[in-house]
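Please have the sequence and the model open as you read.

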Amino acid sequence: MDGELIIRLTEALLRLRKAGALLSGEMDLSLLELSALRRLAGNSIESDCNVFAHDLTDEYRASKAAVSQMLSAMEKRGLVQRDFNPQNRRKLIITLTDEGRETVAHAERLCLVGVGRIIDAYGEENARALTGMLERLSDVLDQQDRPSLT
């Protein structure tokens, strides 16, 4: 395998992560927190299709402790609240507070502006092609196990 290609792709992925951090930095949220808020936005006590903490653990390949810590921090900041599920009191339903909903709305407005600028600079056709490649890359990464040297 081409060692230079590996290095260039790794560096490009790290640069993309930095670009995403610019958005989350303006919001004083990590990318993971912002993504979790977006995933939890549809939750409600009445819904049968809620996203639970274990769903976030699976999706983000994070430990239960890490997701619990993230949710606790967001709860302390007034972005989410946890309530017992009336159908199953062993499960907590995590919902956004008004502040959490406003945070998601603000993030979406920032994305429209920021990503709109990227599309303008990169060109719509190039942006569509890049989006397709990034979606395929995400699918490949979702299928991968974490690398191990052992």
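Helix H5 runs over residues 98-122, giving it 25 residues, and reaches 36 Å from its first C-alpha to its last, close to the 36 Å expected at 1.5 Å a residue. The expected span here is 1.5 Å times one less than the number of residues. Helices (H or I, at least four residues) and strands (E, at least two) are DSSP runs, numbered from the N terminus. The buried residues of H5 are Gly100, Thr103, Val104, Ala107 and Leu110, where buried means under 20% relative accessible area, exposed over 50% and partly exposed in between (1.4 Å probe, protein chains only). Just after H5, Gly123 has a positive phi of about 95 degrees.

A word on the source: this is a predicted model, in which local features need pLDDT of at least 70 and side-chain atom pairs count only at pLDDT 80 or more, while totals for chains, interfaces and linings use all residues. Residues are numbered from 1 along each chain as its sequence is written, and side-chain values use heavy atoms, with hydrogens and water left out.

Axes are lines fitted to C-alpha atoms, for helices over the stretch in contact, and angles run from 0 to 180 degrees between N-to-C directions.

| Helix pair | Axes | Angle |
|---|---|---|
| H2 (residues 31-40) and H3 | within 11 Å | roughly 130 degrees |
| H3 and H4 (residues 64-76) | 9 Å apart | about 120 degrees |

H3 is oblique to H4; angles under 35 degrees count as roughly parallel, over 145 as roughly antiparallel, 65 to 115 as roughly perpendicular and the rest as oblique. In this pair, Ala53, Leu56 and Thr57 of H3 meet Lys64, Val67, Met70 and Leu71 of H4, with contact meaning heavy atoms within 4.5 Å.

H2 and H3 are likewise oblique to each other. Their contact joins Leu32, Ser35, Ala36, Arg39 and Leu40 in H2 to Leu56, Glu59 and Tyr60 in H3.

Leaving aside residues up to four places away in sequence, Thr57 touches Ala62, Ser63, Lys64 and Val67.

Finally, turn to strand E2 (residues 92-96), where you will find Leu92. Leu92 has 35% relative accessibility, so it counts as partly exposed. Beyond residues up to four places away in sequence, Leu92 touches Phe52, Arg82, Asp83 and Phe84. The C-alpha atoms of Leu92 and Gln81 are 9.6 Å apart, and the two residues are eleven residues apart along the chain.
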